[in-house]
Amino acid sequence: MINLVRNEMLKLLRKKRLYVIILIIAFLVPLFTYAQFKEIQDQREKMGNQDWRTTLQQEITDTQNRLSSSRIQDEWRKFLKIRLSQQQYYLENDIDPRAPGAPTFMRIFVENSIDLLLPLLVMVIVADLVSSESSGGTIKLLLTRPVKRWRILLSKYLAMLLSISFIVLSVAVLSYGISGVVFGYGGWNMPLLTGFTVSGDELLTENVHIVPQWQYILMEFGLVWYVCMIVGTLTFMLSVLLRSTAAVMGIMLASLIAGAILANMVSSWESAKYFFMVNLNLTNYVSGMATPIEGMSLGFSMSVLAVWGIAGFIVAFVTFSKRDIY
Amino acid sequence: MKAVLKKYTLTVVSIVSIAATVLWLFGLGWTLQDQFSANKKVSQLKEKTESTSTEKQGGTLTIFALGDSLTRGTGDADGKGYTGYLTERLKEKTDQEINLLNTAIKGETSRGLLKQLQQSEIQRQAKQADVIVMTIGGNDLFQQGAALENLDNNAINGKKQIYISNVKKIYTQLRELNPEAVIYHVGLYNPFSNMPDSKTTSSIVRNWNFQSAETAAGFDNIVYVPTFDLFQLQVENYLYTDQFHPNTEGYKLIAERVASLIKFEQEENES
């Protein structure tokens, strides 16, 4: 088995996909770092060199002003309200949620890329894992060996798992390393609040507790990895079902983007919460953002994703073992 | 040679990936543990540090603005409002750095402002201020920019009573927080002075202003700044298209008036 996985890893490395992904991240991170840096600078210019409390208070009043406008969409209002009470809570507890630093950047970066960017990168690796073998014809060579089919597929799946871990790790390392040049490398022990629960447009704070930023980041990366695994598994299933890599990519791409769009407009269509792509934003539960649909929670979203993942896994293995190869 | 290199990368990547998998699984497990068993850790929170600096920053003049949409600057094309123009004016006059903290909220009534003043951060900023400017009362009287619906004296008197008692509390609170800063309470103008009924509305606003000024006079260093006269004659030129809030020109007028008052105070300080 280990040799099979080794073999698959070798194939992956040969294709140089991992390098491409690392390059993409290495290119994007400086971009975001610069954007973040500009934002901070802009704020400094506008507000003078001020205490973060004053800045945060200013933001709170700005939000309050936006809320008092009557031409505001209900959903957006709910989102703002929750943000508002959260900021107020941070302020009351004397914690700056955005003290600049490489760890803070890392946190903001993964929170924003969990639902689209990272799944896309995973997709690039996984999409042709099986389908390229069938379209290239090498699948016959692979299956002529005296190894059970499911073991071959499992070795591919494990290779996928390893490369996903690798991608998530490179996101962590690169975003820390690159942004630290600008923001400095400190801030791991900064306290952050987690455990907010959202009910309607109220923010419940009874479970709120403080965690140090390093733990917070580790937790978020755990969730990111989970999401990537589910997206990876689904892509893997499609890769087994379809011969054409382009079709696999197309379907995954469409559903991921549909998820991003749906999350903004499904609040009244309740059963949409059973789609996997609406549930990808797991980090929002840790940081306490409004959910796209009423009644979603961390447990709910993780179970929905798990069901999709397990189903995909089963479909992939059953089809692969039963299918005629010619 | 190349094959050896490949093999080497392969091993490294594999080992790193396996280590990463373990790490992420650990993170995931920790999330589950942390998020689903959070109940017991509630009480950790209240170790609040009282490190918040309330000292005034030397060398800079801090203007603390609070109140309603007028202070916020609704209707001004640049969004600065009179506080923005006031800062600009003062900057021309002095080398001191000027720091404007604007906490005004559109549609704020005297009751809302009183509530806002209970927030610790607002209180901290109030303590820091060298000058306090505020507008309040417009929404108490005019119902969020709608016309004076009810010209009935009793109804207006009722509103006024509530307003005055709130304003008293606001003044007291501000004075408690910051005994030194001069408070400039910018008064009301009559946005309806070119409409029918203007006689009645003007007299209501005048009366309202009078009562507010009376209240302000009961405290030290509170200046009730009149604006009624500024808008009396050419109200249409100084109002924004909503016919209620001032436009840029209107805000500049208010700013000028407040600025001229602040100048004197500073000279006193410097001498």
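This note goes through the interface between chain B and chain A, and then a surface patch on chain A.

1. The model is predicted, so local features need pLDDT of at least 70 and side-chain atom pairs count only at pLDDT 80 or more, while totals for chains, interfaces and linings use all residues. Residues are numbered from 1 along each chain as its sequence is written, chains are lettered from A in the order in which they are written, and side-chain values use heavy atoms, with hydrogens and water left out.

2. Chain B brings 50 residues to the contact and chain A brings 55 residues, where contact means heavy atoms within 4.5 Å. The area buried between the two chains is about 4,500 Å², with 62% of it given by carbon and sulfur atoms; buried area is the accessible area (1.4 Å probe) that two parts lose on being put together, summed over both.

3. One salt bridge is found across the interface of chain B and chain A, the term meaning a side-chain nitrogen of Lys or Arg within 4 Å of a carboxyl oxygen of Asp or Glu. The side chains that meet in this way are those of Arg72(B) and Asp62(A), at 2.9 Å from N to O.

4. On the surface, Tyr34(A), Phe37(A), Val181(A), Val182(A) and Tyr185(A) form a nonpolar patch with about 510 Å² of accessible area together. Such a patch joins nonpolar side chains (Val, Leu, Ile, Met, Phe, Trp, Tyr) within 5 Å, from residues with over 30% relative accessible area and no salt bridge, and accessible areas come from the Shrake-Rupley method with a 1.4 Å probe, only the protein chains shown counting as cover for residues.

Note on methods: Patch = residues over 30% accessible without salt bridge, like charges linked within 9 Å, V, L, I, M, F, W, Y side chains within 5 Å.
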